[in-house]
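Visitor: Hi! Could you walk me through this one in plain words?

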Amino acid sequence: MAGWSRVYLTPDFQQSCTMENDYAELLPRVCAVLGDSRKSVVDDTCLEKLLDCFQAITGNETELCILQKIPCLINIVNASKQKDLNPSILSFIMRLTGLLAASEDHFCKLEADGIMNSLFGNPANIETEAWKDATVRCGWLLGIQNMLHHEALIHFLCKHDCISEIIWLQKDPSIFVASTASQLLANILSFTLQHSEFATLKTSSKIEVTDAVGTVTQLDSTVWSECVCAITEHIDEFLRSNITSNIQQSLKLLSKISVTCSPVCFSSLWLKIEGSIKLLLNGDLTTIGQPLAELLLNVSRSTGCEVLHSKTWELLRILLSSLNQAEALPLATGILKLQNCPQPLRMQAMTTMFQPLNYIFNVTSAQPKDAAVPVVLDEGSNHRVDIEQHLSKKSTCISLICQTLSHLFEFLKMPSQVKDLSYQALINSVLTILQLCIGTAVPTTSAGIKIGRHLIGCIKVQRAGIDVIGAIVQWTGEVKEVENALNLLLDYVRNPDTDCTVLKKTLQALLQWMLCCIKVADSPVFENKLQEFIHGDFISIIKKRLFDVHWEIRDSTVEFLGELCFQFKEIQSFCLLIGTSGLPHLVLELLSDPESYVRASSIIALGKMDYLSPNWQTLSNEKNLMEEKKIILSSLLDILNQDTEGFPRRAVVKVFADWAKNSHKLSSCELADVVPVVLKIGGYDLDWEVKMYSLELAEAFIDGSPFKSINPYADALPNNIRSTQVRCFLQNLCDTGIFDILFHALWDCDRPVAQKACKILMKLKTTASRADSIENVKNLNGYKPNSESFHSWLSHNHLNLKNVEDVMEVLITLDLEYQHQHLTCSSDHIETSLRSLLQDILAAAENSEENDADCY
């Protein structure tokens, strides 16, 4: 493998990383195995986990203390002197040694013993064949990284010319090694600069800067350590090399340094390379524009020095004007996210972002030249010359528009940044692009006609454009904008060629625009416009889409209808329209759709549409309403009992649970009739989510039980009255069959189901404990049955879960707290112990040919 894969340990495992006596005897054997070149650990994931364990230990105790407790670890370190070590073992030793040498005292001891020189000196000292393995090179780098806590390491690296090797490894063929080398180089430079920041300063070439907290510091920019000089010279040399790969590497390295280094230190470094950066801005930016933009944005975000800020604003301005439109878009978005960005630079970034939209609108708009049509940019904002070139070819046209819309969508999610935007112009521009995609816009220029040909039927642009339309709705202020957006979106829903994914986004955006009509301040005007829209072709188009040949469209449409009914449940005129339109009956028909997703969405929609029922009651007499309820309930129960797919069954129980929680349509008597049936079917379903929703239904029924309103928790009541109330409450649950479901789920093989059942039973146990005269409980308390023994125990003790006295005895007897604690433990809480890991390593070494280590 090219490098160590990162293994994330559970809290149980990290907590177990202490040297306890129960597995201390295994450590010497493991150390002997790791130090024996004849043994091989086939699966190095074991080593990675062991290293993470040692790292957790070093976080809590000193290295010297650890070595005193685990003296055999020094045997592993000494094993590095052996020849022909397995590359994984050698890499492990390097990283472990780095952990143990994080303190300067132990580092010096290992250096005196020759360990540091043999492991981390010039790589020429390491066996040639071993160094060819990327795992070893990566271990060497990570070992140095682990030691980067004291200046003794820096002196060591300079003494053995290791800095040049780390620089060289940035070009390693292994991406993991190259990335690690680059990050290590950045960390070394940051560490060295920060530790020399307050060193004795000479009078030559001092700079004065102000950091984030306002502290003025003098830092000599010429008197640097050998290490800093070597890295800085390397960066500057590569920046001036005219070799693209070298320049890119240095820019990425500088980006990492800008994040890790303090503002004062990075400012002093910037003075050394600023000239080279300016030279790059005057050259060809085709291949280096992106990493250069990333560097300047990083510097602007992470640096607290005003001196440096004033420099980077100007560099960003030059870079933004030098890049082509496609490369400038992400930079413009990044600039608009910057805090305290100067207004001229901000306006330049906004101009860059909106120029493609402005250009397309101008060449396709049918408005006369003297008409007062809002535009995103004024006439003084000349478009880039390369915009016409990008839009003249289909591939580059689609790519540029998609990028522009994508960055615009991201921009619109930053409310603090969009205060000075012309939203009306922006909506017009995006609507124009979407109209071009379905052929409803008529361009008036040759350039507009060509763009229209590129965009017609383009799904990518449609998806991106509708995302923007959905995001900009919150900034709407004019009725005309709302009308144009609603009509455009309805055109997309009407269009038979609209792609399924586009239609789904369209319906989501349409819902947002319809909702804005009832949320804006001037609601009467907008509501009238919405009424006109709904009474137009809206209903007929939705009906047609409900029975589209594509199941994805049927699914999206019925989802939209359900959510629309839910959101408009308080508007009686809308309820009247939907109730008389025949749409609810069409949704009922979709309960028998051949596609399970559609059936499930129809069930959920039906549940949401029932929020309209208070207003629907005026549409029919009580007899018809009762008949309607019977049809709906019968249909849902048939699906729960007979549907072979899990999605519709989940939806049925979810709807019933929702009804039980909100009590908006079904009365308590109706719930009492239907809940036992639903629980009996759903509680024994093979799908774990159906069982979970069944438990949610049971919990909602318990919380809404009329017997619970008697308040069985009132301690102030006399014992006999309180006990009677508790028994009435629990007997009602017994009659419903809830305890059969709960105790069945308590032993379910799906952990979430068992956990949910246990929590509900624990609450009921608290209720049951408030009753008196529970006999023969103390003798059985603490009983810990399992799924096999529970029913045998019930039968042996003649306990019936339909009898309230028996149920109370079972609740009090069972150690539900223990069961809950057991269920909350992770499934691997035993296997992830340090003892288990050590045993795996030993087993792997003894059976290396079979490779049967269980280290996962």
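Guide: Happy to! Arg137 is in contact with Trp131, Lys132, Leu169, Asp172, Pro173, Ser174 and Val177, leaving out residues up to four places away in sequence. Contact means heavy atoms within 4.5 Å.

Visitor: And where do these numbers come from?

Guide: This is a predicted model, in which local features need pLDDT of at least 70 and side-chain atom pairs count only at pLDDT 80 or more, while totals for chains, interfaces and linings use all residues. Residues are numbered from 1 along each chain as its sequence is written, and side-chain values use heavy atoms, with hydrogens and water left out.

Visitor: Which helix is Arg137 found in? And is Arg137 buried or exposed?

Guide: Arg137 belongs to helix H11 (residues 134-146). Helices (H or I, at least four residues) and strands (E, at least two) are DSSP runs, numbered from the N terminus. Arg137 is buried, its relative accessible area being 9%. Buried means under 20% relative accessible area, exposed over 50% and partly exposed in between, using a 1.4 Å probe and protein chains only.

Visitor: How many helices and strands are there in the chain?

Guide: The chain has 45 helices and two strands. Of its 856 residues, 54% are buried. Among contacts with a separation of 6 or more, 73% are between residues 24 or more positions apart.

Visitor: Let's talk rings. How many aromatic pairs does the structure hold?

Guide: There are 14 aromatic pairs in the structure. Rings of Phe, Tyr and Trp (its six-membered ring) pair if their centres lie within 6.5 Å; planes under 30 degrees apart are stacked, over 60 edge-to-face, and the rest tilted. Take Phe107 and Phe156: their ring centres are 5.8 Å apart and their planes stand at 90 degrees, so this pair is edge-to-face.

Visitor: Where do Phe107 and Phe156 lie?

Guide: Phe107 is in helix H8 (residues 104-112) and Phe156 in helix H12 (residues 151-159), so the pair ties together parts 49 residues apart in sequence. Phe107 is buried, at 0% relative accessibility, and Phe156 is buried too, at 2%.

Visitor: Which residues form one aromatic cluster?

Guide: Phe739, Phe743, Trp747, Phe790 and Trp793 form one.

Visitor: What sits over the ring of Phe566?

Guide: That is the charged end of Lys569, 4.2 Å from the ring centre. A charge counts as sitting over a ring if NZ of Lys or CZ of Arg is within 6 Å of the ring centre and within 35 degrees of the ring normal. Over the ring of Phe647 sits the charged end of Arg650, 5.0 Å from its centre. Phe647 also turns up among the contacts of Ser596, along with Glu645 and Pro648, leaving aside neighbours within four places in sequence.

Visitor: New topic: helix H29. What does H29 span between its end C-alpha atoms?

Guide: Helix H29 (residues 523-546) spans only 30 Å there, whereas a straight helix of 24 residues would span 34 Å. The expected span is 1.5 Å times one less than the number of residues.

Visitor: Where is the kink in H29 centred?

Guide: On Phe538, with a kink of about 50 degrees. The bend at a residue is the angle between axes fitted to the seven residues ending there and the seven starting there. Phe538 is one of the buried residues of H29, which also include Phe526, Phe533 and Arg545. Among the elements covering them are helix H28 (500-519), helix H30 (551-567) and helix H31 (572-581).

Visitor: Which residues are buried in H31?

Guide: Phe574, Cys575, Leu577, Ile578 and Ser581. They cover an arc of only 160 degrees around the axis, which puts them on the same side of H31. The arc is that of the directions from the helix axis to the C-beta atoms. After H31 comes Gly582, with a positive phi near 90 degrees.

Visitor: Which residue other than glycine has a positive phi near 55 degrees?

Guide: Asp161 is one. Most residues other than glycine have a negative phi. Asp161 is in the loop between H12 and helix H13 (162-169), and Asp161 is partly exposed at 45% relative accessibility. His798, not a glycine either, has a positive phi of about 55 degrees. His798 sits in the loop between helix H42 (789-796) and helix H43 (804-813), and His798 is exposed, with a relative accessible area of 69%.
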